[in-house]
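This report describes how parts of a protein assembly meet. Please consult the structure shown below while reading.

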Amino acid sequence: MRSRYMWIPLILVIIAIVAGFQYIDWRQSGTGAGLYSHDWSPDPIQRYWDPVNFYKAPDTIQGVLEMAQCIQCHEAITPGIVNDWKASRHSQATEAVTCPDCHGSDHEQLHLPTPEVCGSCHTKQHTEFLDEARHGFPSHVLAMDRAVDAPHFVDKPKAEVQSCVQCHSVATKCDSCHTRHRFSAAEARRSEACITCHSGPPHPDDETYFSSAHGQIYLQEGDEWDWSKPLQKGNYKAPTCAYCHMDEGRHQVTEKSMWKFGIKEINPNTSSNKVLRERWVKRCTDCHEPQQARQWLKELDLERKSAWKKLYSAESILRSVRFNDAFFPAAGDRPTYPSSTWDRYFPRERIGFYEGQASAFYNVSPIERDYFEMWYFENLGAYKGAAHGDKSMVTKNHEAMDNSLQQIKQHAETLLKRKDTEADKTTNKKLWLEGEYTEFNRENN
Amino acid sequence: MRSRYMWIPLILVIIAIVAGFQYIDWRQSGTGAGLYSHDWSPDPIQRYWDPVNFYKAPDTIQGVLEMAQCIQCHEAITPGIVNDWKASRHSQATEAVTCPDCHGSDHEQLHLPTPEVCGSCHTKQHTEFLDEARHGFPSHVLAMDRAVDAPHFVDKPKAEVQSCVQCHSVATKCDSCHTRHRFSAAEARRSEACITCHSGPPHPDDETYFSSAHGQIYLQEGDEWDWSKPLQKGNYKAPTCAYCHMDEGRHQVTEKSMWKFGIKEINPNTSSNKVLRERWVKRCTDCHEPQQARQWLKELDLERKSAWKKLYSAESILRSVRFNDAFFPAAGDRPTYPSSTWDRYFPRERIGFYEGQASAFYNVSPIERDYFEMWYFENLGAYKGAAHGDKSMVTKNHEAMDNSLQQIKQHAETLLKRKDTEADKTTNKKLWLEGEYTEFNRENN
Amino acid sequence: MRSRYMWIPLILVIIAIVAGFQYIDWRQSGTGAGLYSHDWSPDPIQRYWDPVNFYKAPDTIQGVLEMAQCIQCHEAITPGIVNDWKASRHSQATEAVTCPDCHGSDHEQLHLPTPEVCGSCHTKQHTEFLDEARHGFPSHVLAMDRAVDAPHFVDKPKAEVQSCVQCHSVATKCDSCHTRHRFSAAEARRSEACITCHSGPPHPDDETYFSSAHGQIYLQEGDEWDWSKPLQKGNYKAPTCAYCHMDEGRHQVTEKSMWKFGIKEINPNTSSNKVLRERWVKRCTDCHEPQQARQWLKELDLERKSAWKKLYSAESILRSVRFNDAFFPAAGDRPTYPSSTWDRYFPRERIGFYEGQASAFYNVSPIERDYFEMWYFENLGAYKGAAHGDKSMVTKNHEAMDNSLQQIKQHAETLLKRKDTEADKTTNKKLWLEGEYTEFNRENN
């Protein structure tokens with residue numbers, strides 16, 4: 001009896017798979033790029049940040065040119081980049097890497113070099129870079145696909161998203177770390193190469209590294225170190241970002257990633273995490289006692305546990321507010337996410353990482369936003385402080401979390417009481433659903 | 001008929017002009033300096049910050065002294081400044097610039113050199129510096145007149161205003177940028193020379209420049225660059241403040257000023273702004289493609305547009321609160337601005353730049369302060385982030401503005417409801433009009 | 001008559017003294033260290049931060065070893081520390097200071113060098129360091145006893161307190177400032193040596209020094225200075241932390257301490273403070289006019305006076321809330337401080353420095369926390385800004401204090417009205433007394 005109708009779900013699954021592929025194909029055929037390409041149009045500046053998809057060569061000069069001609073002209077109009085190339089290993093190699101090698105020689109068809117172009121010589125580094133994708137997000141190679149071409153970014157005003165793309169373009173070009181046209185390995189070994197992007201909430205790597213004892217030693221003495229040396233033990237008095245995160249120069253930066261950026265609670269005792277932990281201990285013992293390294297990592301576990309207790313307390317308060325339908329304004333009284341059809345018909349407040357990170361970014365009621373800031377800024381700041389050895393960042397952010405928890409408690413009480421008196425019946429809900437800014441977003445994205 | 005009484009308004013205008021000049025003369029004859037000199041008395045420390053008006057020579061040493069005597073004595077008591085002078089071009093010139101040249105030779109009549117003293121040799125730089133005044137505020141040369149000798153500063157406790165004067169003294173002395181007694185051009189070419197003042201809210205130039213790719217390259221490699229070279233293309237791998245804002249060393253820093261500090265909305269398409277924009281493009285193309293430069297500037301326009309949409313939304317909410325007379329405490333229930341007779345009799349909440357920036361600085365109700373912070377800190381932080389290429393500053397401050405807008409919305413609803421229930425009738429208004437701090441200000445300014 | 005019963009209070013006093021000593025002895029015999037040792041247990045990481053009390057040598061290697069053996073092995077496993085020792089004066093002295101001299105030679109009994117170990121050679125510095133204790137708190141030598149082994153830290157989750165210990169361990173080891181294994185004096189003369197700890201709220205020494213004119217000159221030119229020179233006048237163009245606070249290298253850093261960290265109001269005109277002030281003037285006149293130095297110090301007095309007016313206004317509002325029993329939640333409705341038996345039976349809100357700093361750290365109602373932040377973060381930030389010459393920090397924090405004062409005023413009004421309507425009768429007090437986080441603390445400390 002059971003086997004007779006087995007073909008029904010089977011056929012349905014096959015149809016669903018085919019339809020799914022069709023849908024994805026259709027989505028990606030918009031003017032944008034990626035899975036949400038139907039929902040946004042590229043901005044001209046993206047030709048520089050996402051050159052693979054959008055670069056347009058200037059049409060001011062015509063002709064197929066040779067190296068000598070490139071240099072002759074650009075020494076006059078942009079001498080800085082010529083100087084940089086001359087100082088680079090590209091110009092000094094026996095078989096020099098020249099302008100046309102990376103940009104092409106037809107000036108009307110010039111292109112900006114993609115990671116693939118660089119990878120045609122630097123195969124090892126490029127392969128390692130691509131390998132990050134195996135470990136999922138966060139990673140450099142997925143920085144555009146998974147974080148920028150995403151529903152919560154599609155909804156934000158483009159002028160703001162451009163700020164994100166500027167850094168996330170690390171996925172599409174190599175000069176984020178090795179600045180043009182010297183493309184120096186020595187440069188990328190220094191922490192400044194990383195912190196152009198890795199700074200500010202929610203990823204204060206800059207602030208926490210430079211406040212740590214490691215960072216302070218680097219600040220004092222770094223200028224005297226020999227940066228041509230590889231990132232191996234004994235070569236540097238103190239570590240830089242790359243020393244710890246890119247052992248021996250490996251371009252797969254996530255191979256020791258364990259705490260998932262602090263964004264969700266992890267179980268530090270899974271067998272895979274024990275493997276990752278031993279990788280950390282190995283790196284730390286370049287300088288420190290192994291048991292000291294282990295103890296530091298345990299301190300980080302404890303800090304995380306304490307942070308998550310606070311976050312879960314806040315989430316549980318928010319859930320009781322939602323259970324009582326007491327959010328103000330409620331999800332249904334706010335503009336919906338244009339990219340989510342589902343949300344339009346079944347609006348729902350989403351609480352915490354597992355119900356959807358995207359929902360928390362904007363267009364939320366104040367108590368939700370308070371939790372978002374507690375989770376995304378204070379919690380992540382505390383994590384980075386604990387991971388990088390910046391004590392004051394841990395203290396400051398745990399105090400901030402204590403404070404947020406109290407604010408949320410008190411705010412929740414007010415909301416629950418408000419609900420009882422049914423005060424919201426008299427409220428001007430239009431204040432939330434209409435207005436210049438809402439209109440502006442609707443029209444300009 | 002019309003011409004017969006023409007003399008009446010004419011005479012009135014003439015009387016008004018004469019009276020106006022008399023009034024200004026009287027205002028300026030107080031113990032302070034400038035148009036508000038009747039309203040404040042100088043603090044002893046101002047002898048160093050505003051030496052033109054207030055410096056008093058020490059009376060410990062008598063006599064007219066020669067260079068050799070200055071050196072002989074000061075090598076013992078303040079060897080550092082002698083060392084600096086010896087390392088300067090002043091001491092190494094064929095005809096050395098000596099202590100008496102700048103300070104005079106009568107020790108009881110010593111003076112601190114003003115811009116005019118420096119300008120007697122450095123005519124080009126001094127003329128350019130004075131030329132900033134043509135472009136109005138903000139400018140260095142007007143930094144004292146228009147920002148510190150102003151009603152909203154007269155009202156603030158002097159101890160706090162001194163913090164402002166410390167930087168605004170750039171108008172009255174040259175060692176803000178060329179520190180004494182080396183007065184090095186190489187020093188002033190580096191960004192540190194500027195950011196002693198240009199940091200912190202509302203002008204996070206320090207934070208945003210050093211977080212940008214430009215700043216990070218400077219931090220890494222700047223110590224190895226040859227700073228004796230002029231600020232011209234090809235001489236530096238990355239720009240500093242002066243490279244972009246003081247082309248070729250021009251001391252007229254506002255000649256490319258277009259967005260007016262982010263403080264009010266500008267129309268980027270006026271013909272004069274198109275001229276300024278082309279100046280920027282010219283500077284950027286020392287290194288970048290012209291269309292890339294143009295696109296960056298357009299991104300900045302878009303960021304500004306998005307910011308102003310948010311600010312106008314908030315202003316419109318505040319105006320509806322004022323229309324309903326629902327501010328709490330209302331303008332009339334707060335201490336008035338001592339320097340404004342008009343405000344005393346016709347107290348009024350002022351919203352936004354065009355109704356008077358001054359009013360927003362302090363002594364406002366919480367919702368007004370929230371808007372002030374949104375406008376003056378968050379908006380200006382976002383602007384500097386977008387202008388200097390610090391992405392995380394844009395994201396952070398736009399999120400802060402979104403948040404502020406929500407807080408203001410919700411706060412406005414509470415105030416409007418409060419008004420309906422006439423709750424304020426029972427309020428202890430004295431809490432606002434009296435109190436230690438209010439008394440303290442009244443007595444100590 | 002009076003003399004006949006004189007023995008009663010005398011005997012009672014003697015009994016009390018003996019009992020007191022017994023009590024202290026008992027308290028100190030816990031698993032922790034210090035007066036509160038019964039209330040907390042050490043965390044394994046403390047073996048590195050408080051090596052005197054808790055270090056445990058690794059048991060991986062056996063045997064009594066000689067210097068050559070240490071080097072031979074550690075050149076392979078931790079070459080960095082061997083390189084550092086080789087570059088240090090310890091290795092280059094005629095009679096070299098070797099590994100066993102500081103760590104012992106039995107590998108199973110290795111110890112980390114305490115200040116006493118270093119002091120056996122560097123007697124002058126060690127004596128000066130110990131001498132700080134005479135001046136009371138804050139001081140380096142008491143950093144563990146008085147700040148970390150204290151009731152308000154015993155109550156906090158250990159994971160957070162570890163952040164504090166990391167810096168406060170300056171009391172128990174010398175490599176906080178002279179990093180191992182070079183232990184360079186030149187390193188400790190630079191400001192980075194201090195700011196590894198002296199940064200962030202409530203002690204933004206890092207931020208304020210580096211934003212000052214002094215700090216900016218150091219940032220620009222410091223790398224070119226000869227750091228082997230002693231901290232004497234004429235040797236450095238601009239001062240570092242140590243130049244001003246450790247005259248000529250004196251390791252007694254509190255010998256000019258006058259404003260008590262900004263934490264309570266001081267009378268700047270006591271005769272002892274006049275002595276301290278003249279010490280400052282003497283140091284400043286290495287470079288500046290004496291009257292300029294005096295004036296700067298007076299500006300700091302004025303800034304402090306203005307700050308305290310604001311703080312006292314806030315305290316007076318809080319006291320009126322307490323007088324009306326209107327705090328919400330009230331002290332009795334909140335978890336008590338586990339270390340204070342007294343507080344358990346007589347719960348009381350404590351307002352300001354003199355009623356107990358400890359109470360303000362956490363577990364307070366929002367209005368109390370607002371005052372704590374005003375006092376501990378904003379006030380102290382303004383103080384450091386004024387003391388170190390960072391203008392924008394003064395402005396920013398005084399604005400923040402104005403703002404806090406307003407928030408507290410408005411919040412107080414709400415609380416007082418709330419009390420009148422007896423709203424709290426209906427409140428779910430359990431929200432405060434129970435919950436995951438409260439439970440977590442109870443169990444895990």
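## The interface of chains A and C

In this predicted model, 46 residues of chain A touch 61 residues of chain C, where contact means heavy atoms within 4.5 Å. The two chains bury about 4600 Å² between them, 50% of it on carbon and sulfur atoms; buried area is the accessible area (1.4 Å probe) that two parts lose on being put together, summed over both. On the side of chain A, the residues that lose the most area to chain C are A:Gln220, A:Lys391 and A:Glu399, together 15% of what that side buries.

Only 2% of the interface residues of chain A are also interface residues in chain C, so the copies meet through different surfaces.

## Symmetry

Chain A is superposed on chain C by a rotation of 120° with 0.1 Å of shift along its axis (RMSD 0.1 Å). That is the relation of a three-fold axis. The copies are superposed by least squares on the C-alpha atoms of residues with pLDDT of at least 70 in both. Within chain A, A:Asp223 comes closest to the rotation axis, at 4.8 Å (C-alpha).

## Basis of the values

The model is predicted: local features need pLDDT of at least 70, side-chain atom pairs count only at pLDDT 80 or more, and totals for chains, interfaces and linings use all residues. Residues are numbered from 1 along each chain as its sequence is written, chains are lettered from A and ligands numbered from 1 in the order in which they are written, and side-chain values use heavy atoms, with hydrogens and water left out.
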